[in-house]
There are 2 protein chains.
Amino acid sequence: MRIGELAAATDLSPDTIRYYEKAGLLPAPARTSAGYRTYDSRAVDRLHFIQGAQRLGLRLEDIGNLLAIRDTGICPCEPAADFLTRRLAEVDAQIRRLEALRTEMTAMLEGLPAGDCPQPVPGTWLQQGGR
Amino acid sequence: MRIGELAAATDLSPDTIRYYEKAGLLPAPARTSAGYRTYDSRAVDRLHFIQGAQRLGLRLEDIGNLLAIRDTGICPCEPAADFLTRRLAEVDAQIRRLEALRTEMTAMLEGLPAGDCPQPVPGTWLQQGGR
DNA sequence: CTTGACCTTGGAGTGGACTCCAAGGTTTAT
DNA sequence: ATAAACCTTGGAGTCCACTCCAAGGTCAAG
């Protein structure tokens with residue numbers, strides 16, 4: 001699998017994949033005799049993991065630590081269990097926040113003026129459209 | 001409530017709040033005679049909403065649309081119900097992704113070498129600590 | 001009445017994560 | 001055998017969301 005194919009499989013650009021490699025998130029892949037990078041399915045997996053962790057708002061450096069733990073059980077910067085436990089707490093916190101946001105948005109959707117009609121609704125802010 | 005106090009109440013910086021105002025996420029607040037911005041508790045609320053939406057990975061522009069719907073029921077760029085429905089689907093998708101990540105991280109935590117001992121483990125990458 | 005903490009503006013600078021480009025080599029289809 | 005579609009590198013540029021700064025005004029405490 002060459003870089004373009006991997007890019008298509010993960011919905012990333014080849015540039016982004018090369019960038020992740022330089023950033024230390026992907027190991028240097030095997031090369032063809034012509035110097036083309038070649039990947040196997042584990043790379044797809046790894047990129048999916050990166051994408052998941054990114055959704056959490058983690059910086060690439062933190063994701064690198066997470067991947068190091070996944071690869072070796074060792075965190076480059078502190079006891080792996082501590083690092084993982086803290087990140088896990090963040091995941092939990094974020095899931096709760098998103099559920100709260102979900103509730104609020106559902107309420108907004110229900111409270112929408114029936115026909116979606118542009119009646120002014122007085123006294124609420126930002127009505128004179130900033131943009 | 002002046003800007004510094006609002007900043008403290010939301011864990012943002014005064015600069016960030018002024019930046020949000022310029023970006024159209026916050027209405028121009030009342031001013032004291034000296035020109036100082038003054039806010040009431042609705043501003044705290046609004047900033048909390050912004051922070052929640054940001055955790056979702058929304059850009060400030062999208063958050064502005066969400067706020068316009070919250071304020072007026074009207075979306076500046078497309079039918080409000082459509083916009084909200086799409087964002088809601090994103091929230092749901094993200095909650096599911098985070099739950100998958102959570103499962104994976106829990107498994108990683110359980111699979112950690114018992115004593116968390118810093119044995120070198122040869123041949124794996126990124127072990128020589130980036131920070 | 002001065003000191004220090006706060007506020008104002010406009011504008012420049014930063015960090016992270018890409019994203020694009022030039023100049024060139026390779027592979028594949030016709 | 002030649003064009004189109006891919007790949008390589010290094011480096012520059014872009015976008016977003018801040019973040020900092022200078023130069024100055026305001027206000028409460030001592």
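Tutor: Before we start, a residue class here works like this: Ala, Val, Leu, Ile, Met, Phe, Trp, Tyr, Cys and Pro count as nonpolar, Asp, Glu, Lys and Arg as charged, and the others, Gly among them, as polar. The model is predicted, with local features needing pLDDT of at least 70 and side-chain atom pairs counting only at pLDDT 80 or more, while totals for chains, interfaces and linings use all residues. Residues are numbered from 1 along each chain as its sequence is written, and chains are lettered from A and ligands numbered from 1 in the order in which they are written.

Student: How do the residues of the surface near DNA strand C divide by class?

Tutor: "Near" means that a residue's C-beta atom, placed from the backbone, lies within 6 Å of the strand. Ala34(A), Arg59(A), Arg2(B), Gly4(B) and Arg37(B) come nearest of the 18 residues around DNA strand C. By class, that surface divides into six nonpolar, six polar and six charged.

Student: Is Asp11(A) buried or exposed?

Tutor: Asp11(A) has a positive phi of about 65°, though it is not a glycine. Most residues other than glycine have a negative phi. The cut-offs are 20 or more other C-beta atoms within 10 Å of its own for buried, 12 or fewer for exposed, and partly exposed in between, with C-beta atoms placed from the backbone. Asp11(A) has 10 C-beta neighbours inside 10 Å, so it counts as exposed.
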